[in-house]
Amino acid sequence: MSNYWPWWAGAVGLAVVTINYTITTDRSFGVSSAWDRVLHWRAERRVERMEGEFTDDRALAEALAAATAEHFGTHPVAPTPPYAASTLGSSPTHARDVSSTPVERASVASRRPAPLVSQAALLLSIFLGGWLAAVTAGRFELRFDMGDGFRELVTDNPAQMIGLLFVGGVLVGFGTRLAGGCSSGHGLNGCGRLHPDSFLATAVFFGAAVLVSFLLWKVI
């Protein structure tokens, strides 16, 4: 283990990456969601182009009203402000006071997904960082197996190895999307933001990993 960084350096690095990503983008950090968006890049690009046309909430409401009128054959009606139903009889000044502020509009905009190019850059950086770490440590080597440990504990048959890895990858992908995030999204960002569902998901992740590890070493 002398070629590896100390555990605290890895913890500090993960904290810096997570905090910096949250501050600079005001969005959650996650790898599985980035893969999902990059693999469906055509649909994501269409959504981004549509959102780019309606950066103003009022313009978006007017466009929706016009589209609704065209579809149902009625005349377009100006969108009713959200405060109209609860401020009948109130003065116009009061109506303006309760309208959305720039901070509220920015908060709504920040909940939109991160730009697709940033997700692609994140995935590329993961590969690049792993390659640089292996090269600088002198451990970079192209291999087509999972190492001696995998051969001893699981299988040394190449066909079986590929089949197990494929099934495992499908299960990981299905599980992370079903849980709403992977270990990076829930464990790093979600727990850092004190989300209860992220604490539960992370506990299940690591609990299952510990259980499987014991089964591999004790049973197999």
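Thr136 lies in helix α7, where helices (H or I, at least four residues) and strands (E, at least two) are DSSP runs numbered from the N terminus. The structure is a predicted model, in which local features need pLDDT of at least 70 and side-chain atom pairs count only at pLDDT 80 or more, while totals for chains, interfaces and linings use all residues. Residues are numbered from 1 along each chain as its sequence is written, and side-chain values use heavy atoms, with hydrogens and water left out.

Thr136 is exposed, its relative accessible area being 68%; exposed denotes over 50% relative accessible area, buried under 20%, and partly exposed the range in between (1.4 Å probe, protein chains only). A polar atom of the Thr136 side chain lies 2.8 Å from the backbone oxygen of Leu132. The backbone oxygen of Ala133 is also reached by the side chain of Thr136, at 3.1 Å. Such a polar contact is a pair of N or O atoms within 3.5 Å; within protein, one must be able to donate a hydrogen and the other to accept it, and residues adjacent in sequence count only if both atoms are side-chain atoms.

Helix α7 also contains Gln119, which counts as buried because its relative accessibility is 4%. Leaving aside residues up to four places away in sequence, Gln119 touches Tyr21, Ser33, Ala34, Arg37, Val38 and Ala114, a contact being defined by heavy atoms within 4.5 Å.

In the chain as a whole, 11 helices and 0 strands are present. Buried residues account for 16% of the 220 residues. Among contacts between residues at least 6 apart in sequence, 60% join residues at least 24 apart. The chain exposes about 16500 Å², of which carbon and sulfur atoms supply 68%; accessible areas come from the Shrake-Rupley method with a 1.4 Å probe, and for residues only the protein chains shown count as cover.

The largest pocket holds about 560 Å³ of space. Of the 21 residues that line this pocket, Trp5, Leu14, Gly129, Gly130 and Ala133 are the closest to its centre. A pocket is an open set of points on a 1 Å grid over the protein atoms alone, where a 1.4 Å probe fits, with protein on both sides within 12 Å along at least five of seven lines; lining residues have an atom within 4 Å of a point. Grid points are joined across faces, edges and corners, and the volume is the space filled by probe spheres set on the points. At least two lining residues are supplied by each of α1 (7–25), α7 (116–136) and α10 (183–192). By class, the lining has 12 nonpolar, 8 polar and 1 charged residues; Ala, Val, Leu, Ile, Met, Phe, Trp, Tyr, Cys and Pro count as nonpolar, Asp, Glu, Lys and Arg as charged, and the others, Gly among them, as polar.

Thr18 is placed in helix α1 and is buried, at 9% relative accessibility. The side chain of Thr18 reaches the backbone oxygen of Leu14 at 2.8 Å. Thr18 also touches Leu188 and Asn189, when residues up to four places away in sequence are not counted.

Leu194 is found in the loop between α10 and α11 and is exposed, with a relative accessible area of 62%. Most residues other than glycine have a negative phi. Leu194, although not a glycine, has a positive phi of about 60°.
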